[in-house]
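Thanks for coming, everyone. Let me put the model on the screen, and then we will walk through it.

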Amino acid sequence: MAVRRYTWSYPYFIFLAIFAVLPLILVAVYAFQDAQGHFTFANVTRFFSDSNALNTFAVSIEVAIENTLICLLLGYPAAWILANKKYNSSMVTVILFMLPMWVNALMRTLATAELFNMLGVGLGKGTLLFGMVYDYLPFMIYPIYNVLNKMDNSYAEAAADLGANPMQVFWKITVPLSKAGIVSGILMVFMPTVSTFAISEFLTNNKIKLFGTIIQENINSSMWNYGAALALIMLIIIGLTSLLSDNEEKEMEEGAL
């Protein structure tokens with residue numbers, strides 16, 4: 001008997017159900033339950049009256065914006081140079097930029113904290129941003145590089161033939177056509193920054209707490225329901241941001257067409 005093609009997808013559906021869908025359902029169930037297992041909205045509404053959680057969320061957004069901007073300012077020129085055959089004709093340079101991603105993020109963070117301790121640098125927001133940029137810069141570079149590397153150079157050549165100088169070509173042709181990579185890079189840096197806790201814990205000695213730290217502390221204190229509610233709120237924010245970015249990318253693609 002011939003095996004239908006769609007049957008090969010069953011293992012993937014089972015994997016997704018167990019390791020993706022089920023954990024999300026459990027988070028939602030715990031978020032709307034009290035300690036006795038009764039349905040309640042108290043965990044969700046508590047967030048909006050919890051000054052500690054709100055302040056931590058505000059700090060997380062602030063750090064995420066700063067980290068994303070720094071990564072964008074450093075990452076776009078790096079991606080442009082890597083994609084420009086005039087300045088880079090070897091994949092070795094690209095691999096060197098991606099090399100830090102091959103090392104466990106926790107190990108990189110611990111090594112960075114140890115370097116600061118050896119140099120006698122006080123841990124604080126500066127060291128936190130340094131560690132964030134070090135960890136997440138490749139996630140900004142790669143999607144932008146991927147778009148720039150596939151870009152049709154005829155657009156830039158046509159603009160130059162019509163009298164545009166290199167700066168005008170860059171701002172009016174290269175940057176607009178690479179917006180999809182920029183949006184992807186921003187998402188890949190901004191969202192993990194908001195939800196992380198290990199980097200802030202090791203690079204500030206827990207002086208600066210991010211939203212992920214609050215979730216971790218509640219779960220470690222066996223406050224599963226409130227921790228799940230905070231995690232659910234974060235997931236909703238990430239989901240809405242992803243939807244908005246998808247719509248933006250579709251509009252850009254339609255505009256390009």
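What percentage of the 257 residues in the protein do buried residues make up? The figure is 34%. Buried here means under 20% relative accessible area, exposed means over 50%, and partly exposed is in between, with a 1.4 Å probe and protein chains only.

Some ground rules. This is a predicted model, so local features need pLDDT of at least 70, side-chain atom pairs count only at pLDDT 80 or more, and totals for chains, interfaces and linings use all residues. Residues are numbered from 1 along each chain as its sequence is written, and side-chain values use heavy atoms, with hydrogens and water left out.

Confidence next. pLDDT is the predictor's confidence in each residue, from 0 to 100. The protein has a mean of 86, and 93% of its residues reach 70 or more. Helix α3 has the highest confidence, at 93. Helix α12, residues 224-256, has the lowest, at a mean of 75. Where pLDDT is low, the predicted coordinates should not be read in detail.

Now the fold. The protein has 12 helices and 0 strands. Those come from DSSP runs, numbered from the N terminus: H or I, at least four residues, for helices, and E, at least two, for strands. The C-alpha trace spans about 70 × 70 × 40 Å along its principal axes. Take contacts between residues at least 6 apart in sequence: 71% of them join residues at least 24 apart. Contact means heavy atoms within 4.5 Å.

On to the interior. A nonpolar core is a set of buried Ala, Val, Leu, Ile, Met, Phe, Trp, Tyr and Cys residues joined through side-chain atoms within 4.5 Å. The largest one has 31 residues, and C71, M132, I141, I144 and L148 touch the most other members. Two or more residues come from each of α3 (51-83), α4 (91-98), α5 (105-119), α6 (125-150), α9 (179-195) and α10 (198-204). Helix α6 gives the largest share, 11 residues.

Look at C71. Beyond its neighbours within four places in sequence, C71 contacts Y76, V133, Y136, L137, M140 and V189. Another core lies apart from the largest one, with 20 residues, including A53, L187, I215 and L230.

Stay on α3 for a moment. L73 is in that helix too. Is L73 buried or exposed? L73 counts as exposed because its relative accessibility is 65%. Its C-alpha is 9.8 Å from that of M140, 67 residues away along the chain.

Next, the spaces. We use a 1 Å grid over the protein atoms alone: a cavity is a set of points where a 1.4 Å probe fits but cannot get out, a pocket is an open set with protein on both sides within 12 Å along at least five of seven lines, and lining residues have an atom within 4 Å of a point. Grid points are joined across faces, edges and corners, and a volume is the space filled by probe spheres set on the points.

The largest pocket holds about 530 Å³. It has 20 lining residues, and W80, N84, N153, A156 and T174 lie nearest its centre. Helices α3, α6, α7 (154-161) and α8 (166-177) each give two or more of them. The largest share, 5 residues, is from α8. By class, the lining has 11 nonpolar, 5 polar and 4 charged residues. For those classes, Ala, Val, Leu, Ile, Met, Phe, Trp, Tyr, Cys and Pro count as nonpolar, Asp, Glu, Lys and Arg as charged, and the others, Gly among them, as polar.

L177 is also in α8. It counts as partly exposed because its relative accessibility is 36%. Leaving out residues up to four places away in sequence, L177 touches V147, M151 and Y155.

How many cavities of 30 Å³ or more are there? The count is 1. F57, I61, F190, M191, V194, M234, I237 and I238 line it. That makes 8 nonpolar, no polar and no charged residues. Helices α3, α9 and α12 each supply at least two.

Last, two loop residues. N205, in the loop between α10 and α11 (211-220), has a positive phi near 55° without being a glycine. S222, between α11 and α12, also is not a glycine and has a positive phi of about 65°. N205 is exposed, at 53% relative accessible area. S222 counts as exposed, at 53% relative accessibility.
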